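Visitor: I'd like to learn how to read a few features of a model like this one. Could you walk me through them?

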Amino acid sequence: MESFYDWFRTLYNDTGFNFVYFYEEYERERFIRGFWLTIYLSVTCVVFSVIIGVVGAWLQGSNLKITRRIVQGYIQFFRNTPPLVQLFFFYFGLGAFTPSVDAGGYYEPIIGSFGWAVISLSFFAGAFNVEIFRSGIEAVPESTREAAEALGYNRLQAYIHVILPLAFRVCLPALNNNLVNLVKTTTLAYAIAVPELMYTANQIWSDNVNVPEMMMTLWIVYILLVGVLVWAMHRWERKMRIPGYGQ
Amino acid sequence: MTWTPDQPIVSIQNVRKSFGQLVVLHDVSLDVAKGEVICVIGPSGSGKSTLLRCINALIPIDQGSITVEGQEVHDPKLDKLELRKKVGMVFQQYNLFPHKTALQNVMMAPITVLKQDKAEVEQRAYQLLKKVRLEGKEPSYPGELSGGQQQRVAIARSLAMNPDIMLFDEVTAALDPETVKEVLVTIRELAEEGMTCMLVTHEMGFAREVADHIYFTDKGLIVEHGPPATFFNEAKDPRTKEFLSQIL
Amino acid sequence: MIGLFRTPRPELRAIPGVTGPAQTDLPVLLPAAQLIGRKARQDRTNGFRLELKAWHGLFLFLLFLFFTGVAAAQVDNTLDKGVLATLWRWIPLIVGQGFVLNLIISFTAMALGTAAGVMLGLGQISLLPQVRGSSWFTTQLFRNSPWLVLLFCVMLLLPFEITIGDVIIRIPDWTKATIGFSLPIMANISELVRGAVQSIPSGQWEAAESLAFTRRQTLWQIILPQCVKRMIPPWMNWYAILTMATPICSIMGVQESVNLTQQALVSEDSRPELLAPFYLFLLVIFFCYCYPIARWTVSLERKFVVKL
């Protein structure tokens, strides 16, 4: 491994191509931290957005008109404004009102830039997920639920064991679109100084003046990240087709 | 070898065609004389439509030979334009160009492909549409025409190329029973004028009436053939008998 | 021709009754299930649909009035310190220079992206495997990259000036941003073209071929004219998406409306009560521009659906 790293040092000395994060341990760790933070940010947002989606879809089926109205308003707001604006709104707008805590000599807001990024991006993707899940649930016929209840399932059990699994398979393609989009959108967290991959790369090229090398690296890493995600999702889609009902 | 009208206009010899593992045509041979009307019948999936498409070189064959007016169709050096001027084809799904009017559909190929004079082509297109009894429908788009009307535009469109042979691929299969008749009438008129026609059809009554010769195919083979009178009354092969008993 | 003409790459295997026609008439799922799958696959080429409604704009405007009112109540409302008066002073800069730059960037990026995307899309249906493969690869490369990364690449890798002989041509920031935006647009238009061409039934190719049309004649006279209609609504949707995305380049210091708004706020001593009215004003401006486009897209779509 050392010789592999050294090869890049030689490459730099010989050609000027400075892939500094290979041979400088400090930069390497910084880069890897940024990479993991991007993954962490993506995974957290995906999880929360799916939760928001499920809960929102459930609330949308509520009997109370006001509940449905609120969910609808939430969807409309997040669907139709640019995610960057939402991010700024949360970070600068709401961030100004959140209390700070004493962190040993200086005050730190309870929710940092990472927290706001998670909140903002989860709500953004969640708005789409609510609609996606809702349409999936509506595609399951009433008679299927009745059949489940006739077999002794209660309403919640029927929802969890019969309707959701079916609805999930129906809306998986749409869900995948949204999640891939979400991972791409996490780059916007750069704008509020979340030290994810893009931000770290920026720091590294500022310190080492190797913009083209870092830019290439960044691009390739994102292509691979999104590429792997798209590929995995499509495989999953194929696996999830409804058994006994397929070709 | 030059072709003379007393030789078969279409000659199919030992043709074999498969799509991957699936063999669609095993070993098919048949001849069509000029002015003859041939009907190919048989259960679906027996390779009838594939055979027509091979004659038109829409799909390549694996083995054997197909000649049209003495010209080998699957010769790589073949001028496909020449072949398609000779062979017109009408499809089950009409395949009219939906962004063009009926008149434009008929006019397009002669102008684009044959580079003929526009005024002349237009005049002929009017005549052809009149011939298929669609006078007044010239400015209509395919979407505004019934299935039978669309299919007759498709026939006129093929005729505009002045073909020597017409291929009809289950042209009435997608039509309502009421509109089938108007298309069949058009085809019969063509046949009576001496056009060489090859039809793949499920209309047994029509086949019996217009065909000079009937071929029955099953699983990529020609099982039995003969003139309508003998074919329908004295079928020998058990598969033919079974098929006819289901249909008639 | 069947062998030569590429069948659509199945992005996912058809599920009868879900993503394809059902093979049984068992009521496992409602017909809506099919639509959902179809729409999801459509979204992959058409982009997320902007569904702007008139009341969205009204709501934003009321919100703007509300915050302006709140802000006005908070401070002394002397003539040049009032919220509206301050905003009024900055409008020529924010709209006249900033928003106009957003529009210029969106027009140019859309034009460049469409021109390149159509060529790339036709490359994707080429008969030459090398052309087809490389077009597909390029498309996927730019389609799967985050816009911000592409923007960064172009902004930082392109030189700020180029020298041809003795002439030094400066490339302003916004030009680079335009190129950066045109890349993802190119890739998405390329997918749009490929999808549209492949959505034309193969019978059209067969019919044209049996009438002795060459491939080129078939493409230009039969297939593409039918595609154009289908492509216009999603193309307009992409334009609206692009326009709403142009503020991203403010992160890199391009002086468009969001960037200038930030600067304006700073030079007004970052008075907190100005924040909401200024940004809401921006949202209203963007809404006023995108709303007619979104409406028009929907009405065109309906019109074409009826005709086709």
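Guide: Gladly! Let's begin with how helix axes are drawn: each axis is a line fitted to C-alpha atoms over the stretch in contact, and angles run from 0 to 180 degrees between N-to-C directions. Keep in mind that this is a predicted model.

Visitor: How is a pair of packed helices described in general?

Guide: Two packed helices are described by the angle between their axes and the distance between the axes. Here, take helix H6 (residues 113-138) and helix H8 (residues 155-185) of chain A: their axes come within 8 Å and cross at roughly 155°.

Visitor: Are H6(A) and H8(A) roughly parallel or roughly antiparallel?

Guide: Angles over 145 degrees count as roughly antiparallel, and H6(A) and H8(A) are therefore roughly antiparallel to each other. The crossing of H6(A) past H8(A) is right-handed.

Visitor: Which residues make the contact?

Guide: From H6(A), they include Leu121(A), Phe124(A), Phe128(A) and Ile132(A). From H8(A), Ile163(A), Phe168(A), Val170(A) and Leu175(A) are among them. By residue class, the contact of H6(A) with H8(A) has 15 nonpolar, five polar and no charged residues.

Visitor: Now a single residue, please. Is Ala148(A) buried, partly exposed or exposed?

Guide: The idea is to count C-beta neighbours: 20 or more within 10 Å means buried, 12 or fewer exposed. Ala148(A) has 18 inside 10 Å, so Ala148(A) counts as partly exposed. Ala148(A) sits in helix H7 (residues 142-150) of chain A. Leaving out residues up to four places away in sequence, Ala148(A) touches Tyr153(A), Ala158(A) and Val162(A). Val162(A) is 14 residues from Ala148(A) in sequence, with a C-alpha to C-alpha distance of 7.2 Å.

Visitor: And a whole chain? What does the radius of gyration say about chain B?

Guide: Compare it with a rule for globules. A compact globule of 248 residues would have a radius of gyration near 18 Å, and chain B agrees because its value is 18 Å. The C-alpha atoms of chain B fill a box of roughly 55 × 45 × 35 Å along the principal axes. Chain B has nine helices and 10 strands, and 46% of its 248 residues count as buried. Of the contacts in chain B with a separation of 6 or more, 65% join residues 24 or more positions apart.

Visitor: How many residues of chain B and chain C take part in their contact?

Guide: Chain B gives 20 residues and chain C gives 18 residues. On the chain B side, helix H2 (80-86) and helix H3 (102-112) each supply at least two residues. The largest share, four residues, comes from H2(B). That side of chain B divides into 11 nonpolar, six polar and three charged residues.

How values were computed
Residues are numbered from 1 along each chain as its sequence is written. Chains are lettered from A and ligands numbered from 1 in the order in which they are written. This is a predicted model: local features need pLDDT of at least 70, side-chain atom pairs count only at pLDDT 80 or more; totals for chains, interfaces and linings use all residues. Two residues are in contact if their C-beta atoms, placed from the backbone, lie within 7 Å. Ala, Val, Leu, Ile, Met, Phe, Trp, Tyr, Cys and Pro count as nonpolar, Asp, Glu, Lys and Arg as charged, and the others, Gly among them, as polar. The radius of gyration is taken over C-alpha atoms; the globule rule is 2.2 Å times the number of residues to the power 0.38. Angles under 35 degrees count as roughly parallel, over 145 as roughly antiparallel, 65 to 115 as roughly perpendicular and the rest as oblique. A crossing is left-handed if the near helix is turned anticlockwise from the far one by less than a right angle, and right-handed if clockwise.
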